[in-house]
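Student: Please take a close look at one part of this model, and say what lies around it. I would like the cut-offs given as the terms come up.

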Amino acid sequence: MMGSFHITVNGQPREDADVPVYLNLLDWLRNLGLTGAKEGCAEGECGACAVLIARPDGDGGSRWTSVNACLTPAIACNGQEVITSEGLGTCPGPGSEEDLHPVQREMAYRGGSQCGFCTPGFICSMAAEYYRPERATESVSEATEEMGDNGFDLHALSGNLCRCTGYRPIKDAAYALETPDKDDPLFERQSSSAPPACRTEVHTETSTFLRPSSIEELAQRCADHPDAVLLAGGTDVGVETNIRHIRPKTVLAIDRLEGLRSFRFADDYVELGASMTLSELERGLDGRIPLVAQLIPQFASRLVRNSATLGGNLGTGSPIGDSAPVLLALDASLVLFSMSGERTVPISEYFTGYRQTVREPGEFIRAIRIPMPLSETTAFYKVAKRRFDDISSVATAFSMQLEQGRISSIRIGMGGVAATPIRALAAERALVNQPWTEQTAREASVLMTAESTPMDDHRASSRYRSQMLEQSMMRFFAQHRPSEYIGAKS
């Protein structure tokens with residue numbers, strides 16, 4: 001390693017001269033004796049491993065962000081600042097509560113912990129929401145199923161699973177939290193900038209970990225190591241490492257590379273940096289692209305979205321990635337970068353086969369461009385076995401423009417029904433210039449099914465997937481039928 005690994009954990013600087021490339025943050029922390037965080041699934045689905053990390057808030061300050069420590073390589077946190085459940089507060093002896101953090105106190109008072117296995121992870125996710133700067137402005141007059149009157153967004157806990165207590169007392173604890181005290185040290189910490197990305201280079205006999213400092217250096221490294229794995233959020237690579245024990249020879253960390261974190265509105269397109277996390281995109285877009293705003297809350301869990309990126313989701317080439325159908329419906333393009341320069345590829349031409357794309361050796365995704373103006377009528381539908389934090393069986397996205405009751409343009413993206421994400425081109429052609437009626441929609445739904453080639457697997461049967469394609473079109477019509485059609489049918 002060029003320079004020792006250094007990290008601040010619970011306010012205490014730590015150094016380590018020998019951190020293996022594939023050791024995740026969870027195991028490194030547990031080796032220190034910080035055993036509150038635990039491995040429950042090793043896939044980022046249960047949240048038992050959740051910890052807090054200081055991330056930039058985009059405005060000069062920092063934001064305590066909950067992440068899955070089981071998916072995060074320890075070496076990728078070089079120079080960073082981490083808080084575990086032990087660092088939030090301590091209880092020095094029986095009957096003593098003065099050192100409990102407010103989140104811990106409410107969980108104890110409301111009976112939110114039973115066996116305790118999942119509790120530290122819940123507490124870290126709750127603490128991230130407790131300190132979320134926007135929470136104070138989102139207070140509502142009355143608590144709902146998913147939002148407390150204290151502004152606590154229950155979706156902050158969508159990546160945490162409880163196997164014995166039940167969620168009602170946990171929700172009670174979340175909704176009882178007040179605003180952080182002004183002298184709370186973790187609250188005060190957010191007014192200062194987050195630690196910058198630390199240049200890191202580790203070489204072992206079998207593997208290399210590099211954190212390039214510029215997009216030009218990244219291009220050179222990719223040219224030198226065309227088989228290198230790019231590490232942004234690690235929500236896919238981490239699973240491969242933990243479950244399948246994949247050990248790439250070269251890992252290039254790109255999560256904090258400024259050249260991949262652009263976010264700008266031009267006159268005719270919006271550009272989204274490939275390494276921006278989905279949570280960052282959600283805050284930055286603030287609903288200005290409605291179809292993306294529908295996608296993000298259904299994309300895994302908050303814990304995953306705090307690390308996952310659009311570039312990573314597209315880079316895998318997976319036919320079931322949730323973002324591809326949406327970007328197909330938006331007619332997006334990918335900006336690819338390499339030592340040979342930059343080129344722009346329509347996403348409709350990006351996928352070439354199962355987990356295969358047009359990216360050439362040494363080429364990577366720099367940004368995603370969404371053309372403007374946007375169509376007025378959009379929708380994203382995801383069919384999965386669980387409401388949140390699950391891979392889709394079928395995903396469909398619609399983007400339609402109506403003029404005087406007729407369809408002037410429409411794009412339909414489909415995922416999980418072929419070897420690649422695809423456009424429903426035959427259905428689109430059949431819909432253009434047609435009146436937007438139930439009969440038109442029903443005929444198009446049949447064409448959508450004919451264009452797909454779904455398979456049977458443990459998530460869904462081929463027949464079920466076909467039926468869900470038809471239902472997605474009819475649901476789209478039901479939710480966006482013309483007002484005069486509603487009057488005629490009533």
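Tutor: A residue is called buried if its relative accessible area is under 20%, exposed if over 50%, and partly exposed in between, using a 1.4 Å probe and protein chains only. Helices (H or I, at least four residues) and strands (E, at least two) are DSSP runs numbered from the N terminus. The model is predicted: local features need pLDDT of at least 70, side-chain atom pairs count only at pLDDT 80 or more, and totals for chains, interfaces and linings use all residues. Residues are numbered from 1 along each chain as its sequence is written, and side-chain values use heavy atoms, with hydrogens and water left out.

Helix H5 (residues 168–175) is largely enclosed by the rest of the structure, because 6 of its 8 residues are buried. Those buried are Pro169, Ile170, Lys171, Ala173, Ala174 and Tyr175. Their cover includes helix H3 (102–109) and helix H4 (119–130), where contact means heavy atoms within 4.5 Å.

The close look is at helix H15 and its surroundings. H15 runs over residues 438–451, 14 residues in all, and reaches 20 Å from its first C-alpha to its last. That is close to the 20 Å expected at 1.5 Å a residue, the expected span being 1.5 Å times one less than the number of residues.

The buried residues of H15 are Thr440, Ala441, Ala444, Ser445, Met448 and Thr449. As background to that list, an α-helix has 3.6 residues a turn, so residues three or four places apart point the same way.

Ser445 can be followed in detail. Ser445 belongs to helix H15, and counts as buried because its relative accessibility is 2%. Leaving aside residues up to four places away in sequence, Ser445 touches Glu470, Met473 and Met474. Between Ser445 and Gln467 the sequence separation is 22 residues, and the C-alpha to C-alpha distance is 9.3 Å.

Next come the aromatic rings. Rings of Phe, Tyr and Trp (its six-membered ring) pair if their centres lie within 6.5 Å; planes under 30 degrees apart count as stacked, over 60 as edge-to-face and the rest as tilted. On that basis the structure holds 10 aromatic pairs. One of them joins Trp436 and Phe476: this pair is tilted, with 5.6 Å centre to centre and 55° between the planes. The pair links distant parts of the chain, as Trp436 is in the loop between H14 and H15, Phe476 is in helix H16, and the two are 40 residues apart. Trp436 is buried, with a relative accessible area of 1%; Phe476 is buried too, at 0%.

Trp436 also pairs with Phe477, in an edge-to-face arrangement with 5.1 Å centre to centre and 75° between the planes. This pair likewise links distant parts of the chain, 41 residues apart, from the loop between H14 and H15 to Phe477 in helix H16. Phe477 counts as buried because its relative accessibility is 2%.
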